[in-house]
Amino acid sequence: MNIKRFKASRYELIEVARGRRAADVVLCGGHVINVYSGEYVPYNVAIYKDRIAYVGPREVGVGEQTRIIDVTGKYLSPGFIEPHAHPWVMYNPISLAEKVVPLGTTTIVNDNLFFYLHLGYDGTVEMIDQLSALPLNQLWLARVVSQSEFPEERSWFEAQQVQKLLEHEDVIGTAEITRWPIVYEGDPFAIETVEYAKKLNKISDGHTAGCSYDKLNAIVAAGIDACHEAITEEEALNRLRLGMWTTLRNSSLRPDFPSLLPLVVKGAVDTRRVLMTTDGPNPSYIARNGFVDGLLRQAVQAGVDPMKAVQMVTINAAQYLKLDDTIGGIAPGKRADILVLPDLETFVPERVFIAGKEVAKDGRLLAPLPAIDWNRFISRKPLTVSPAVLQDLRLYRPRADGMTPVIQFISNVITKRVDVALPSSEGLVDISAEPSMLYAALIDRQGKWVVQGIVANFASEIEGMASTYNTTTELLVIGRDPAAMALAAQTVREMGGGIAIAERGAVVLKIELPFLGMMMTDSFEQTVEAHERLLAAVRARGFTYGDLLYALLFLTCDFLPGLRLTPLGLYEVKTGTLVRPREHLNVSQWTGR
């Protein structure tokens with residue numbers, strides 16, 4: 001879908017506005033939330049085909065076929081915009097739309113990371129084109145690099161292919177570059193593609209966690225437009241002062257509103273460049289808290305003026321996306337994305353119109369969802385690791401000095417390196433006397449290499465867990481018992497991707513993630529149920545942090561502090577040290593040691 005391509009012509013809109021042509025729908029008696037003037041105006045709204053034709057006190061363009069809807073006592077709001085979505089947190093773009101459209105999100109801007117990682121240019125374009133049939137404005141941001149460096153990365157994210165993807169009408173810019181130091185250092189691999197986006201008049205999203213004010217200067221100079229990683233008022237203000245669109249986040253991973261919203265509540269700053277995002281929350285979080293509607297509820301409850309809150313998720317977001325001539329407000333000529341809200345407290349719409357069609361009513365989706373055969377999308381790196389590789393997943397030889405570097409969890413996603421003197425048995429590190437420790441291995445999906453480590457303070461009673469849900473989508477295996485680890489890993493391999501837990505010779509939980517090893521292809525409700533089972537299982541086995549999915553996701557990344565299992569090896573992020581390189585495998589060597 002080209003969001004700027006309309007069925008209703010300017011000439012037809014003029015005729016409806018002048019009363020010479022009948023409107024398709026007229027919403028009568030409500031108060032328009034005018035995000036342009038900051039007023040609540042008692043106006044009627046006339047819709048013709050997919051656009052707004054008239055906003056004012058008269059009932060223009062009413063004919064025999066016009067559908068007149070009385071919205072007396074209600075508020076008419078522009079559709080909500082999520083400018084920074086990750087549609088692969090067990091759910092997929094279709095199941096996510098199924099849930100959030102009835103909650104008032106009419107435009108969603110998706111990160112393409114795992115789609116491009118597995119499908120490349122051709123598969124990603126085919127998927128984007130098929131998903132354009134969804135009943136919402138589905139837009140995309142193109143990754144310039146992955147979230148964790150690997151030897152083939154620059155050929156897989158070849159600049160000409162990424163730039164070609166940027167030319168697609170539904171791709172509106174470059175996605176966050178989580179490894180922001182490559183932008184700071186002026187790496188041409190990133191900068192040239194950001195510059196290409198600028199030539200196309202498209203945006204460049206950012207991720208600058210932990211970046212100082214001085215370093216932010218270089219990031220902004222490089223062309224990065226926005227950042228959602230501020231976690232304090234000062235950090236948010238620093239981004240605003242440098243001209244960045246500053247996106248306030250509240251999510252299952254980082255519920256940052258309590259520390260960020262005072263910046264807005266105090267009224268000391270201009271909020272025209274302030275946005276809000278859910279930043280890819282887990283399924284259960286959305287089921288409990290909603291999506292963009294939930295951001296509005298929490299913001300208003302914290303003291304944010306309702307008009308300012310609505311502006312942040314409508315016109316502000318539209319201006320950032322360079323789409324305010326099309327979406328973000330209720331005015332003649334704009335796309336007819338309109339919500340009928342009962343109040344300015346709950347922000348749950350009674351009716352949702354997208355491109356002039358009523359797509360949801362009273363929390364129920366009315367519009368059909370496209371039927372997509374996910375099996376037609378073939379990964380360029382299928383899960384074909386040999387079962388023989390999965391038979392012994394313990395950490396091998398200790399260092400010469402007898403010390404073992406341990407990945408110690410100190411929060412949901414932050415780790416630190418702790419060097420520990422651990423005993424060995426038959427030349428292998430032995431953790432049997434360390435109740436907080438687990439073996440860990442990141443195994444290439446095709447069995448070409450392995451990275452091994454020890455994890456502490458994660459979930460001490462897990463005998464064996466395996467998952468392709470991580471930032472590399474390789475096979476991550478964790479546990480205390482090598483036999484249970486092997487069983488869990490083999491189970492995930494047989495499923496073709498997913499998460500499994502094994503203990504005492506049996507598989508006690510398995511969740512299939514058939515699409516790219518990251519996503520279920522079931523309904524949103526079924527995805528929530530699976531996530532709840534997973535979370536209950538790991539909590540029963542000692543996991544005490546808030547969001548398991550992000551703990552798994554970021555254990556294998558190379559942009560957050562601590563010691564990590566990455567495709568290059570056991571890597572200490574802060575010092576940039578490869579503590580232990582990955583080991584290349586052949587099955588006879590592996591099983592013979």
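Student: Which conventions apply to the model?
Tutor: The model is predicted, so local features need pLDDT of at least 70 and side-chain atom pairs count only at pLDDT 80 or more, whereas totals for chains, interfaces and linings use all residues. Residues are numbered from 1 along each chain as its sequence is written, and side-chain values use heavy atoms, with hydrogens and water left out.

Student: How many helices and strands does the protein chain have?
Tutor: Helices (H or I, at least four residues) and strands (E, at least two) are DSSP runs, numbered from the N terminus. On that basis the protein chain has 19 helices and 33 strands.

Student: What is the radius of gyration of the protein chain?
Tutor: The radius is taken over C-alpha atoms, and the globule rule is 2.2 Å times the number of residues to the power 0.38. For 593 residues the rule gives 25 Å, and the chain is close to this value, so it is as compact as a globular protein of that length. The radius of gyration of the protein chain is 25 Å.

Student: What percentage of the 593 residues is buried?
Tutor: Buried means under 20% relative accessible area, exposed over 50%, and partly exposed in between (1.4 Å probe, protein chains only). By this criterion the buried share of the 593 residues is 62%.

Student: In what order do the seven strands of the open sheet stand?
Tutor: Two strands pair if DSSP finds at least two bridges between them; strand 2 (residues 31-34) and strand 7 (residues 75-78), for example, run parallel and are joined by two bridges. The pairing in the sheet is mixed, and the order is 3-2-7-16-17-18-19.

Student: Why is one side of strand 3 and of strand 19 left without a neighbour in the sheet?
Tutor: Strands of a sheet pair through backbone hydrogen bonds, either parallel or antiparallel. Strand 3 (39-41) and strand 19 (364-365) stand at the edges, so the reason is that each has a single partner strand.

Student: Which residues does Ser-95 touch, beyond those up to four places away in sequence?
Tutor: Ser-95 lies in helix 2 (residues 93-100) and is buried, with a relative accessible area of 2%. With contact meaning heavy atoms within 4.5 Å, Ser-95 touches Asp-522, Ser-523 and Phe-524.

Student: How many residues apart are Asp-111 and Arg-143?
Tutor: Their side chains meet in a salt bridge (2.8 Å, N to O), a term for a side-chain nitrogen of Lys or Arg within 4 Å of a carboxyl oxygen of Asp or Glu. Asp-111 belongs to strand 9 (residues 105-111), and Arg-143 to the loop between strand 10 (137-142) and helix 4 (153-156). Asp-111 is buried at 4% relative accessible area, as is Arg-143 at 1%. The pair links distant parts of the chain, with a separation of 32 residues.

Student: Are Asp-444 and Lys-381 buried or exposed?
Tutor: The two residues form a salt bridge, with the closest N and O atoms 2.6 Å apart. They link distant parts of the chain, 63 residues apart, and each lies in a loop. Asp-444 and Lys-381 are both buried.

Student: In which helix do Arg-533 and Glu-529 lie?
Tutor: Their side chains meet in a salt bridge (2.9 Å, N to O). Arg-533 is partly exposed at 37% relative accessible area, and Glu-529 is partly exposed at 40%. Being four residues apart, they are separated by about one helical turn in helix 17 (residues 524-539).
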